[in-house]
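The sequence and structure come first, followed by an account of selected residues and of the whole chain.

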Amino acid sequence: MTDRDDGDREPPRPAGVGPHGSGRPGRLPGLERVPEPELMDDPEQAAAYSAADFAEPHEAFVATFLDRFGAVGGEVLDLGCGPADVTVRLARALPAARLVGVDGAEPMLALARRRVAEAGLGDRVTFELRRLPDPTLLGRRFDAVVSNSLLHHLADPRTLWEAVAACARPGAPVLVMDLRRPPDGPALDLLVEREAAGEPEVLRHDFRASLRAAYRPDEVERQLDERGLLGLAVEPLGDRHLVVSGRAP
Ligand SMILES: C[S@@+](CC[C@H](N)C(=O)[O-])C[C@H]1O[C@@H](n2cnc3c(N)ncnc32)[C@H](O)[C@@H]1O
């Protein structure tokens, strides 16, 4: 999908949202979820995203991983790696690990390969062009599975949890971070103004759309329950993120 203008049409009902008698997501209290396109395969969009300064949340991702799991080795899978800013930061923090980044957008992977080459990490970080769900990935097992900011892009959130459940070895660390949907329109406007003031219009648009497409912690809890990922816990982080972490079953 390349269409970025989802407007205000009624979103399809994602699995795991509103299954317990609460009705359709559009009828839930608070800001209605509006899905955004999955892949970021527009070269201009990918370049703007890659050039943006995500140092703070991405360093927080790495710090959270180290805090909870330590400097693991082995093979680490990064789902929806995009231009590999998180992948590279994690590779530096995990010197005994090999990282495999997966993304369905070739323009993102081109930027990712360049970033890894510049970082001199080509011997430990590799990329695979895959659009999830990808049955051939599900047969492989990794020593840790991470993902940052993929969940809100997926048309069906079960795609991510299925990949986590299938690809993480039993007991493997799992860390997923994403935006969380603000409670209402004014809170959304405030975040966009505060966090994306002065950014290019393409980024402001994407940030707003991403906040609108993000899940709330209670929705993610239901997704995890549904997939039987009971060892993973969801918690809010700061004023706009959520963290899912724990050990794979
Ligand atoms: C917001 S970016 C996050 C990139 C990176 N993880 C980061 O934190 O900077 C989301 C990425 O997920 C990718 N993506 C979305 N849906 C996907 C799918 N179904 N399969 C593979 N990649 C997907 C997009 O192409 C995009 O690169």
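Glutamate 193 is exposed because it has 10 other C-beta atoms within 10 Å; exposed means 12 or fewer such atoms, buried 20 or more, and partly exposed in between, with C-beta atoms placed from the backbone. The model is predicted: local features need pLDDT of at least 70, side-chain atom pairs count only at pLDDT 80 or more, and totals for chains, interfaces and linings use all residues. Residues are numbered from 1 along each chain as its sequence is written.

Glutamate 193 is part of helix H6, residues 185-196. Its C-alpha atom is separated by 8.7 Å from that of arginine 204, 11 residues apart along the chain.

The protein has eight helices and seven strands, taken as DSSP runs numbered from the N terminus (helices H or I, at least four residues; strands E, at least two). Of its 249 residues, 39% count as buried.

The largest nonpolar core has 61 residues, and Leu90, Val145, Val164 and Val174 touch the most other members. Such a core is a set of buried Ala, Val, Leu, Ile, Met, Phe, Trp, Tyr and Cys residues joined through C-beta atoms within 7 Å.

The ligand is surrounded by 19 residues, the closest being Gly80, Gly82, Gly104, Ala105 and Asn148; a residue counts if its C-beta atom, placed from the backbone, lies within 6 Å of the molecule. The table divides this shell by class.

| Class in ligand shell | Residues |
|---|---|
| Nonpolar (Ala, Val, Leu, Ile, Met, Phe, Trp, Tyr, Cys, Pro) | nine residues |
| Polar (the others, Gly among them) | six residues |
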